[in-house]
Amino acid sequence: MSQAPRSTLSILKNLPRLSVLLAWTLIAACFAVLLQNAASIQWDLKVYYYAAQCFRQGLNPYDLAVLKAVSGGSVVLPYTYPPLSLYFFLPLTVLSLSSALKLWLVFKCSMIVTACFLWMRWLSIELTISV
């Protein structure tokens, strides 16, 4: 009889650890799914990537026909941002489209995490995790 309360107590004591472990497991699983579907969920980056490819090749990134030709027809939207923004996407063009999509997703997720930590700091929310 004395075993049951102790095991229940030990489970309750370890609940914060289990919660953190479960949360990190769910985050990792979601991130893995996102990486697998990076191409289908980041359709806008394809426009930026191929516009930067056009720019690198000396072509007009604002001409939709040129974008379609460079992308093999996968781009259906025109590039509408200022010319200086092309320099931001230019480094991605040394990678394959698949790698650029994954890298861009990692970058966006890291910016979200950074924004959350800065927001918590600004609001003076303390995150305490005892493992």
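## Gln53 in helix α4

Gln53 counts as buried, because its relative accessibility is 15%, where buried means under 20% relative accessible area, exposed over 50% and partly exposed in between, with a 1.4 Å probe and protein chains only. This residue belongs to helix α4, which covers residues 43-56. Leaving aside residues up to four places away in sequence, Gln53 touches Val70 and Thr93, a contact being heavy atoms within 4.5 Å.

The model is predicted, and local features need pLDDT of at least 70, side-chain atom pairs count only at pLDDT 80 or more, and totals for chains, interfaces and linings use all residues. Residues are numbered from 1 along each chain as its sequence is written, and side-chain values use heavy atoms, with hydrogens and water left out.

## The chain as a whole

The protein chain has 7 helices and 0 strands, where helices (H or I, at least four residues) and strands (E, at least two) are DSSP runs numbered from the N terminus. Of its 131 residues, 22% count as buried. Among the contacts in the protein chain with a separation of 6 or more, 54% are between residues 24 or more positions apart.

Leu77 lies in the loop between α5 (64-71) and α6 (86-89), and Leu77 counts as partly exposed because its relative accessibility is 38%.
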